[in-house]
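Biologist: Hi! Could you walk me through this one, starting with the ligand site?
Modeller: Happy to, here it is.
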Amino acid sequence: MKILAMDTSNQPMALALVEDNRVLSEKLTNEKRNHSVQLLPMIAEMMQEVNWTPTMLNRVVVAQGPGSYTGVRIGVTTAKTLATTLNIELVGVSSLAVLANNIDQVDTLVVPIFDARNDNMYAGIYKNNAVIWPDQHTNITKLIANLTEFNSKIIVVGEYQNFVEQLTASFAERITFAKGLANLPKGSSVAQLGTAKAPEKWPHRFVPNYLRVSQAEADWQAKHPNEIEKDYVEEV
Amino acid sequence: MSIILSFESSADETSVAVVKDGNKILSNEIATQIKSHQRFGGIVPEVASRHHIERVTILVDEALADANITYADIDAIAVTYGPGLVGSLLIGVTAAKTIAWAHNIPLVPTSHLAGHIMAARFVKPIEYPALALLVSGGHTELVYLPREGAFEVLGETRDDAAGESYDKVGRVMGIAYPAGKTIDELAHQGKDTFNFPRAMENDGTYEFSFSGLKSAFINTYHNAQQRDEVLNKENLAASFQAAVVDVLVNKTAQALDHYPVKQLLLGGGVAANQGLRTALANLLANYDTEFIPVPLKLAGDNAAMIGAAGEIFYRKGRRGTYDLNADPSLEFEEY
Ligand SMILES: Nc1ncnc2c1ncn2[C@@H]1O[C@H](COP(=O)(O)OP(=O)(O)OP(=O)(O)O)[C@@H](O)[C@H]1O
Ligand SMILES: [Mg+2]
């Protein structure tokens, strides 16, 4: 089985080509360049290097969010378009789980974080590769409150810089922070997580896991609490 | 002979079409988000991007099925890469590039504005030189077309676009977004009794301005409200529309006097305006120029028009690479 795996959910861009659990090619960039400019050329280049053509692919795996809205959409649009146009399998994995997968320590609470500015963040709590506290848009206070419920060792991974002080103050004796490359997503992790999952039944309906409604919709829902979700898009 | 698969996602319509030879529509699937943005009184970019990604691949399959073709039949993929909302544009651009790569089909980056104008190809072949009046939600321009594929902007609006002024005035009147069509309908039941100002009518440029008209309208409306006076909606609409149409027709006449052209093309969402279509048809009775307004159904955003423009660029050899990006402030490019 030939897998193309991608993660564009934040500034880093991680790609891998994996065949039958063997990583043939893996790439990581981490610069302030637009994913829309970089992603497809890099996929094309990697595929050429291993002599794959698009029609040889069996499965596309993509980090489905959370993350930067635009970043996640570039990956998800590319992946769902590839899957539907080539009629191959599509799998979405959590962008936070991809980071958690970098940490290989048993019985430890693994906390992947994406900074969402101010005190806000996207985060989840993982242990032994299982989800303990689901991915969510949250803040540092709530995260700390939840971590207090457990007493295992904690390792934090990802964009934790702005939260180090508060986390250390709360869990000094049992917390550590992942170093260097371990804080960046790996294409091979995306592929690995995506190999274990069943493919999407309805790839056409596949959309990002934003974990947050847009500000405009949040405001609107607050003003219209009894309005039921409608199909707001019509074919004409 | 060519078959073009085309994509449009610059604002709040997601659309995919199949166009043959640049002038025959084999399919033109359009999903509009108007109902969604009506909640907010105008387009919210983040909401628009989210809707585009929900629909784009479904529309591709529908467009191919309705046209009764497969990927093997497609010669090129044309896609709007600007102008428009960056997040919206990116969905169409990303989907188009991905399909181009997956099936090894040439990619043709296309301007949304060229698309609005080239929708006229579905009426009859364009004869050059031609002049185009482009009137839409974000643009109001007189464009000279010396030859196929070349677009020279003679003048554009300094402030609001024509469609935008319809929408802003409509908002004040409590008309749902986008208000153009409703105001057009009201206008036909009223008379020009308010005599709103006609901006820059004889200033010797091909530029437009609609913000003064908008302010005059809003002042009139609010002053009446303060006096608890209810103004006749139909006459308000008729007066507003008469001012817009007068300015558009007047400037078009000046351009026609200076640039003798074989055809006048009318495109963009506001090209659906009945008052404008009639007034321009009347104007052209005095000129040796043929009037080609785009079909009503193709005035607003759609992918068929991108196929019509893209076919020209395809024939002329324009190709996009896989690093194609959205360009929110794109205008026309010569090729
Ligand atoms: N009958 C009509 N009379 C006047 N205006 C109209 C009519 N029908 C639609 N419109 C206006 O057309 C505009 C939409 O046109 P269009 O979809 O071409 O704009 P856009 O794509 O948002 O902007 P642009 O093409 O400049 O990027 C809206 O402002 C709408 O009110
Ligand atoms: Mg438009």
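Biologist: Which element gives the largest share of the shell around ligand 1?
Modeller: That would be α5(B), with four residues. Keep in mind that this is a predicted model.

Biologist: Thanks! And which residues come nearest to ligand 1?
Modeller: The shell has 26 residues, and the nearest are B:Gly137, B:Gly138, B:Gly163, B:Gly180 and B:Gly269. Two or more residues each are given by α4 (112-118), α5 (162-173) and α6 (180-187) of chain B.

Biologist: How do the shell residues divide into nonpolar, polar and charged?
Modeller: Around ligand 1 there are 14 polar, seven nonpolar and five charged residues.

Biologist: Which domains does the shell draw on?
Modeller: Domain 1 and domain 2 of chain B each contribute at least three residues to the shell around ligand 1.

Biologist: Where are the bounds of those domains in chain B?
Modeller: The domain assignment gives 3-118 + 299-315 for domain 1 and 128-293 for domain 2. Their centres, taken over C-alpha atoms, are 27 Å apart.

Biologist: And how many residues are in contact between them?
Modeller: In chain B, 14 residues of domain 1 are in contact with 19 residues of domain 2. On the domain 1 side, α1 (34-38), α4 and α10 (303-315) of chain B supply at least two residues each. The largest share of that side comes from α4(B), with four residues. By class, the domain 1 side has eight nonpolar, six polar and no charged residues.

Biologist: Let's switch to the two chains. How many residues of chain A are in contact with chain B?
Modeller: For chain A the count is 31, and they are in contact with 36 residues of chain B. Elements of chain A that each supply at least two residues to its side are α1 (35-49), α2 (69-86), α7 (215-223) and β11 (234-235). The largest share comes from α2(A), which gives 13 residues. The chain A side has 16 nonpolar, ten polar and five charged residues.

Biologist: You mentioned β11(A). Which strand of chain B do its bridges join it to?
Modeller: β11(A) is joined by two bridges to β3 (residues 24-32) of chain B, and the two run antiparallel. There, A:Glu235 stands opposite B:Ala31.

Biologist: What is the strand order in the sheet with β11(A)?
Modeller: The sheet is open and has six strands, in the order β11(A)-β3(B)-β2(B)-β1(B)-β4(B)-β5(B), with mixed pairing. β11 of chain A and β5 (107-111) of chain B stand at the edges with a single partner strand each, so each has one side without a neighbour in the sheet.

Biologist: Last one: which residues of chain A does the "Gcp-like" annotation cover?
Modeller: According to the unreviewed UniProt entry, "domain: Gcp-like" covers residues 23-220 of chain A. Over residues 23-220 chain A is 36% helix and 26% strand, and the end C-alpha atoms are 46 Å apart.

How values were computed: Residues are numbered from 1 along each chain as its sequence is written. Chains are lettered from A and ligands numbered from 1 in the order in which they are written. This is a predicted model: local features need pLDDT of at least 70, side-chain atom pairs count only at pLDDT 80 or more; totals for chains, interfaces and linings use all residues. A residue is near a molecule or strand if its C-beta atom, placed from the backbone, lies within 6 Å of it. Ala, Val, Leu, Ile, Met, Phe, Trp, Tyr, Cys and Pro count as nonpolar, Asp, Glu, Lys and Arg as charged, and the others, Gly among them, as polar. Domain bounds come from an automatic or database domain assignment. Two residues are in contact if their C-beta atoms, placed from the backbone, lie within 7 Å. Two strands pair if DSSP finds at least two bridges between them. UniProt positions are given in the numbering used here, feature names are shortened, and annotations may be inferred rather than shown by experiment.
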